[in-house]
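This report is meant for a reader who is meeting the structure for the first time. Please look over the sequence and the model, and then follow the sections below.

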Amino acid sequence: MLEVKVISFAYKKGIPNDPTGNGGGFVFDCRAINNPGKYERYNHFTGLDEPVIHFLEEDGEITQFLEQAYHMVENSVKRYMDRGFSNLMVCFGCTGGRHRSVYSAQHLAEHLHSKFGVKVHLIHREQNIEEIFEPTI
């Protein structure tokens, strides 16, 4: 049974290691997306909070970014399931691991769980938040 680990992180603290020994998976760089962290009014929020979500979705840049990430990851999930693989890791990094990467990881985790019913282990590393979406298949 496939488990997808989705992680948000700050590049300045390093790319997360893959503890499964499989060598990791995808690492998406969110730093090119407009950064709410450069505005003081968003500093006490994360990518899980409505003001940041609105900021990120307003210009659509993050939506286009995630559509491309979804496409690549979905193809791997399908193949991993077909081939009986048990682990896939997908990481989203940004400058502080607070806004763009958190938003992206959260949305991908929810999307994969909804679409495939696989177990998803979501980790927002710099926020010390973990959530497990149990398999429905």
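## Terms and origin of the model

A residue is called buried when its relative accessible area is under 20%, exposed when that value is over 50%, and partly exposed in between. The model discussed here is predicted, and the values that follow were computed from its atoms.

## Overall build

The chain contains 3 helices and 5 strands, and, read from the N terminus, these elements follow one another in the order β-β-α-α-β-α-β-β. Its C-alpha atoms occupy a box of roughly 45 × 25 × 25 Å along the principal axes. For 137 residues, a compact globule would have a radius of gyration near 14 Å, and the value of 14 Å found for the chain agrees with this.

Of the 137 residues, 45% count as buried, while the chain exposes about 7100 Å², of which carbon and sulfur atoms supply 47%. Among the contacts between residues at least 6 apart in sequence, 69% join residues that are at least 24 apart.

How many disulfides does a search of the whole structure find? The search finds 0 disulfides. A disulfide is a covalent bond between the sulfur atoms of two cysteines, and the cut-off applied here asks for a pair of cysteine sulfur atoms within 2.5 Å.

For C30, the closest cysteine sulfur is the one in C94, and because the two sulfurs are 6.0 Å apart, they are too far from each other for a bond.

## A buried histidine in a strand

H124 belongs to strand β4, which covers residues 119-124. Is H124 buried or exposed? With a relative accessible area of 1%, H124 is buried. Leaving aside residues up to four places away in sequence, H124 touches S8, L48, V102, A105, Q106 and I129.

## Residues at the surface

Which residues form a nonpolar patch on the surface? M1, M81 and I137 form this patch, and together they have about 330 Å² of accessible area. M1 is placed in the segment before β1, a strand given as 3-10, and at 63% relative accessibility M1 counts as exposed.

Another exposed residue is N128, for which the relative accessibility is 71%. N128 sits in the loop between β4 and β5, the latter given as 129-133. The phi angle of N128 is near 55 degrees, which is a positive value in a residue other than glycine.

## A partly exposed glutamate in a helix

E110 is found in helix α3, which spans residues 100-116, and at 38% relative accessibility E110 counts as partly exposed. E110 and E57 are 53 residues apart along the chain, and a separation of 17 Å lies between their C-alpha atoms.

Technical notes
Residues are numbered from 1 along each chain as its sequence is written. This is a predicted model: local features need pLDDT of at least 70, side-chain atom pairs count only at pLDDT 80 or more; totals for chains, interfaces and linings use all residues. Side-chain values use heavy atoms; hydrogens and water are left out. Helices (H or I, at least four residues) and strands (E, at least two) are DSSP runs, numbered from the N terminus. Buried means under 20% relative accessible area, exposed over 50%, partly exposed in between (1.4 Å probe, protein chains only). Contact means heavy atoms within 4.5 Å. Patches are made of residues with over 30% relative accessible area and no salt bridge: like charges are joined within 9 Å, nonpolar side chains (Val, Leu, Ile, Met, Phe, Trp, Tyr) within 5 Å. Accessible areas come from the Shrake-Rupley method with a 1.4 Å probe; for residues, only the protein chains shown count as cover. A salt bridge is a side-chain nitrogen of Lys or Arg within 4 Å of a carboxyl oxygen of Asp or Glu. The radius of gyration is taken over C-alpha atoms; the globule rule is 2.2 Å times the number of residues to the power 0.38.
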